[in-house]
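Take them in order and check each solution as you go.

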Amino acid sequence: MKKVGFIGWRGMVGSVLVERMLSENDFHSIESYFFSTSVGGEKAPAVKNAYEKVLSSLDLKQLSQMDILVSCQGGDYTLEMYPLLRSSGWKGYWIDAASTLRMKEHAMIVLDPVNSDKIEQGISQGVKDFVGGNCTVSLMLIALHGLFKENLVEWVSSMTYQAASGAGAKNMLELLNQMQSIGHLSAIHASLGALEIEKKANTLISSDQFPKEQFGHPLALNLLPWIDSEWPTGQSKEEWKAQVEANKILQTKTPVPIDGTCVRVSALRCHSQALTIKLTKSADLTTLEDLIREANPWVRLVANHKAQTLDQLTPAAVSGKLQIPIGRVRKMTLGDQYLNAFTCGDQLLWGAAEPLRCVLKQILNRS
Ligand code: NAP
């Protein structure tokens, strides 16, 4: 059995990955080793064939005993440890959720429903570094797979609504703390009128007492129209990723422009995106809907009606599910080649953990 090391399994992506692997019995066919920067020496998760103790994720010697390392620890960890491992002569497979290596020539961005054949080719050709794509990029590509396959996309503008858990466990917990302190305020001022409570709530979220160490700003009762660092183009780094990563995954000869504004909202889990798509040619709506619906096993077309949209196309409806609904599909008044759509997907499943799980299985099947 191959030795597989899991780094970052306590975080949002890592814990969803372990949950998925447990439910698919993936641990039965590997020897698992769990690594951590903070709980080394403690008891490892109770999964089949796991080494009983948590190892230190900074221990190069232990890490390099592994045939495969799966890191969900974050970009800083990859930046520090990956070069050390490779320069020590480690030749194993590196599977990563962080963006650090995505655009490197030696790394493939993995998204099973869209590029599993290319991943297969990559493994055959000796690629050793496989990285999950940015969550919104992966979810958008699965949702629009049918249109990309038929070369129907001239460009896409994506306006995102990204959940708090996309920023990690501590951020998601902070949002809940923020909500709790707002709940407390409204409980003690229950007798006040709506406008008076609104003023008190706004004062609270702007005050230094409000918990905002992780986000740096209130997210509850608010939204944050900037995710990740500033990029020289005026985009945020999150916005920059859309075009470069999508085109790398699709292996396009001429890049398809993809750009928009990425916004953090106070959903707990699941990223949503409002899409404007310029088509390369006119096509009737029924044909476009059929292409979207039939592209892969995970996309779900939601009829463009109010009841279905509000039932099926929200973070609350999608959370914890592998299906990726896309709806609000209609021609826009901008012209016949402009398509409107809205999609919502679980960024911790197909947006993060699931592509890693799939590539791990593909590598194991080949070894
Ligand atoms: P995260 O939740 O912040 O977890 C990262 C690490 O933080 C954990 O492995 C754990 O490491 C440590 N940690 C500290 N306090 C913790 C707590 N209270 N609960 C859990 N873990 C805690 O990070 P993440 O969101 O999973 O992201 C990991 C990587 O995946 C990042 O590079 C991110 O950009 C990428 N990614 C994330 C998402 C998403 O939706 N979150 C989607 C796609 C890609 P130790 O055990 O070493 O302490």
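**Exercise 1.** Find what share of the residues in the protein is buried.

*Solution.* Start with the cut-off: buried means under 20% relative accessible area, exposed over 50%, and partly exposed in between, using a 1.4 Å probe and protein chains only. By that rule, buried residues make up 50% of the 367 residues. A word on the source: this is a predicted model, where local features need pLDDT of at least 70 and side-chain atom pairs count only at pLDDT 80 or more, while totals for chains, interfaces and linings use all residues. Residues are numbered from 1 along each chain as its sequence is written, and side-chain values use heavy atoms, leaving out hydrogens and water.

**Exercise 2.** Describe helix α4 (residues 112-124).

*Solution.* Helices are DSSP runs of H or I, at least four residues, numbered from the N terminus. Begin with the bend, the angle between axes fitted to the seven residues ending at a residue and the seven starting there: α4 has a kink of about 35°, centred on lysine 118. Then list its buried residues: Pro113, Val114, Asn115, Ile119, Gly122 and Ile123. Finally, step just past α4, where glycine 126 takes a positive phi of about 95°.

Key
Helices (H or I, at least four residues) and strands (E, at least two) are DSSP runs, numbered from the N terminus.
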